Amino acid sequence: MKGALIGCGFFARNQLHAWAEVPGAEIVALCDRDPARLDETARAFGISRTYADADEMLVREDLDFVDIATTVDSHRPLVELAARSGVHVICQKPIAPTMADARAMVAAVAESGKVMMVHENFRWQSPIRRAVEAVRAGAIGTPFFGRISFRSGYDVFSGQPYLAEGERFIIEDLGIHILDISRALFGDVTRLTATTRRVNPRIRGEDVATMLLSHDSGVTSVVDCSYATRRSPETFPETLLEIDGTEGTLRLDAGYRLTIQRGDDAQVEDVAPPLLPWAERPWHNIQESVRTIQRHFADCIAAGTEPETSGADNLKTFALVEAAYLSASEGRSVALDEI
Ligand code: NAD
Ligand code: 89Y
């Protein structure tokens, strides 16, 4: 499959490195409206076909898919362009600024008959995947409680300065991943309650969020995230898990240590992700998941199947984001069918 990447910024280089390791897919063109970033990326990855304008690129290039790695405001126009052009599309999270935009994007691609996947990669991190598979296989019986926790003091603003500027921050940027992990573990959600705080005075949005979720399956989960937590060890970008089931417990602790306890028997496993040759600590966990999700996209297109993290599936994760902001602003519990 021939693809083009749109948006040559901070995160795109991970996607480009990963595409080079996806069998059957190749990035043949790049697009960015910033000429310096476009040129630098083209040189770094040896891709000579470059465009400042995505419409022009889709007219001139013969593509099978586009990979959208721009920030959220451009996602809807670019996904709709991909749909009009009849190509498969991967779009970075968060899918859109609003639920109405997100629904329109998914509908546009569905109408075109092509595949849409959201680059919702945290559930594809290998330590998380190991935990999801164990829970789905019944390793701890039927789960009834889960805590999915991401707490850090890592400076994300130096690489992604726009994160300090938006009215929304941690739920839209990071909580979205953690909420998606909760869905991957326990299924869809009926009700959510959230509180938010801003601790860092130099940013506009909230940097702490605590969410309580009731899942259709009967599980109650606590999803908490913070970029205002200074502690040792600094665990960025690890998501920690604590899950109780009818037959045992599962914990994913700091340092990628997975413990599955059934009765008195506790099995401890080191599930640290590999350090790919182009990756760097501490981002290697996220970087490996980029390769995994992109391989999943290519495999689904080849097999004619729907990606696990399809656009349609991601509407349910994005609805949790919207419900969390609504709950926090109105100080009440929100039913998901209100969103
Ligand atoms: P960035 O601002 O560094 O890069 C975005 C690039 O897109 C810029 O170079 C900009 O010029 C270009 N661009 C914007 N609109 C365009 C358009 N219409 N046409 C062509 N080029 C356009 O942003 P980033 O930090 O790389 O983040 C990009 C996306 O990736 C965001 O949605 C962010 O949330 C997401 N992200 C995901 C992860 C993850 O783990 N999944 C991690 C970091 C960032
Ligand atoms: O943008 C965010 C993401 O998706 O993963 C981590 C991050 O880069 C900073 O919170």
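Domain bounds, as used here, come from an automatic or database domain assignment. The model is predicted: local features need pLDDT of at least 70 and side-chain atom pairs count only at pLDDT 80 or more, while totals for chains, interfaces and linings use all residues. Residues are numbered from 1 along each chain as its sequence is written, and chains are lettered from A and ligands numbered from 1 in the order in which they are written.

The protein is divided into domain 1 (2–114) and domain 2 (123–279 + 309–338). Their centres, taken over C-alpha atoms, are separated by 27 Å. Domain 1 gives twelve residues to the contact and domain 2 gives 14 residues. Here two residues are in contact if their C-beta atoms, placed from the backbone, lie within 7 Å. On the side of domain 1 that touches domain 2, helix α5 (residues 99–112) supplies the largest share, six residues. Helices (H or I, at least four residues) and strands (E, at least two) are DSSP runs, numbered from the N terminus. By class, this side of domain 1 has eight nonpolar, two polar and two charged residues. Ala, Val, Leu, Ile, Met, Phe, Trp, Tyr, Cys and Pro count as nonpolar; Asp, Glu, Lys and Arg count as charged; the others, Gly among them, count as polar.

Ligand 1 lies between the domains, because both domain 1 and domain 2 give residues to its shell. A residue is near a molecule or strand if its C-beta atom, placed from the backbone, lies within 6 Å of it. Of the 26 residues around ligand 1, Gly7, Gly9, Phe10, Phe11 and Thr70 come nearest. The shell holds eleven nonpolar, nine polar and six charged residues. Around ligand 2 stand Val156, Gln160, Asp173, Leu174 and Pro237. Three of these count as nonpolar, one as polar and one as charged.

An open sheet of nine strands has the order β14-β13-β12-β11-β7-β10-β9-β8-β15, with mixed pairing. Two strands pair if DSSP finds at least two bridges between them. Strands β14 (265–270) and β15 (334–335) are the edges, each pairing on one side only. Strands β12 (residues 248–253) and β13 (residues 257–262) run antiparallel and are joined by six bridges. Thr249 stands opposite Gln261 in β13. Helix α6 (residues 126–136) lies across β7 (143–151), β11 (240–245), β12 and β13, at about 175° to β12. Axes are lines fitted to C-alpha atoms, for helices over the stretch in contact, and angles run from 0 to 180 degrees between N-to-C directions.
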